Amino acid sequence: MSTSIARYAVIGDPVQHSLSPLIFQLFAEQVGCILDYQAIAIKPWDLRYALGRFCEQGYQGLNVTAPLKEKAFSLMNGRSESAESAQAVNVVCFNADGTLYGDNTDGLGFINDLSKQQKCVVKQRSVLVLGAGGAARGIMKALFSLQPAQVVIANRSLSRAQQLAQVYQKESCPVSSVTWKDIATERYDVVIQATAAAIHGEALLLPTGILNPGACCYDLVYGKAHLPFRRWAEEQKVAACRDGLGMLVEQAAATFYLWCQKSVDTTAVIQKLANT
Ligand code: NDP
């Protein structure tokens with residue numbers, strides 16, 4: 001009797017840079033299971049039909065990356081609390097009855113990684129979040145659970161930052177939105193880079209002199225695309241600058257648990273990827 005191999009994919013555009021296929025392969029090896037996990041480019045306007053095709057082809061789940069997370073949210077039949085609070089979906093589960101369930105593990109990935117970074121403390125510190133897309137939405141609830149003193153959201157299009165700040169007005173610390181040119185009106189202790197500028201090969205024009213002494217930086221982007229932000233952070237003499245590899249592995253581990261009900265050793269995977 002032949003057993004079919006569980007099929008999964010990460011979808012986005014662009015998506016060929018994604019490390020997710022390798023990460024899921026390493027997880028599968030750790031727990032001794034076999035799965036088929038691919039990276040598939042999908043345009044936003046194709047998403048609705050693509051989800052139907054994946055379901056027909058027997059896929060069991062998808063990871064969703066930029067720029068599809070918010071659109072995917074709108075196409076789900078059911079959603080987790082974290083997806084609702086993010087208004088964005090990074091995990092799709094196909095139910096046996098053909099309905100779609102959306103979850104969001106970005107916040108969990110962010111907080112699990114950040115909790116290991118002793119030099120990057122958020123509690124009672126002033127935080128600048130760059131970007132207001134799906135990734136920024138995904139980490140916001142987790143960020144507030146770390147009790148910052150204030151959160152300022154800066155985005156290229158101000159309206160998106162304003163909408164995001166509005167959602168969190170009832171949090172216990174002040175939340176505001178600024179345009180890119182107004183970033184420099186304050187100083188910050190933590191800068192979280194959550195824009196997609198680098199993956200589009202675009203420069204992120206950040207002012208100098210906006211950090212308090214001992215400030216740290218956290219970039220959601222990893223690999224070569226992280227380097228321009230790291231360069232800026234180092235020029236500002238930050239205490240620490242973390243790339244998005246740890247968060248990527250942690251959110252994938254949370255997804256793997258959702259799909260396969262198995263925990264994995266994320267530190268071993270992060271080390272392996274950092275050395276390749
Ligand atoms: P979205 O497409 O949803 O949002 C993109 C965001 O980037 C928007 O805020 C957009 O601003 C901004 N942006 C794009 N280009 C520029 C630019 N040239 N200058 C300034 N701002 C720009 O993408 P996501 O939010 O889903 O993803 C953002 C990044 O985070 C991606 O690089 C992704 O790879 C990374 N990520 C990493 C994760 C990890 O686990 N490490 C998890 C999730 C995401 P505007 O609204 O004005 O267009």
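Leaving aside its neighbours within four places in sequence, which residues is serine 20 in contact with? They are Val10, Tyr37 and Leu248, where contact means heavy atoms within 4.5 Å. Before going on, note that this is a predicted model, where local features need pLDDT of at least 70, side-chain atom pairs count only at pLDDT 80 or more, and totals for chains, interfaces and linings use all residues. Residues are numbered from 1 along each chain as its sequence is written, and side-chain values use heavy atoms, with hydrogens and water left out.

Serine 20 belongs to helix α1 (residues 20–31); helices here are DSSP runs of H or I with at least four residues, numbered from the N terminus. Its relative accessibility is 4%, so serine 20 counts as buried (under 20% relative accessible area, with a 1.4 Å probe and protein chains only).

Now turn to helix α6 (residues 134–145) and helix α7 (residues 158–167), whose axes lie 11 Å apart at an angle of about 25°. That is why α6 is roughly parallel to α7, a label for angles under 35 degrees. Axes are lines fitted to C-alpha atoms, for helices over the stretch in contact, and angles run from 0 to 180 degrees between N-to-C directions. Ala136, Arg137 and Met140 in α6 meet Arg160, Gln163 and Leu164 in α7.

Finally, look at helix α9 (residues 245–260) and helix α10 (residues 266–274): their axes come within 10 Å and cross at roughly 140°.

Terms used:
Helix = DSSP H or I, 4+ residues; strand = E, 2+ residues; numbered from the N terminus. Buried < 20%, exposed > 50% of the residue type's maximum accessible area, 1.4 Å probe, protein only. Parallel < 35°, antiparallel > 145°, perpendicular 65-115°, else oblique.
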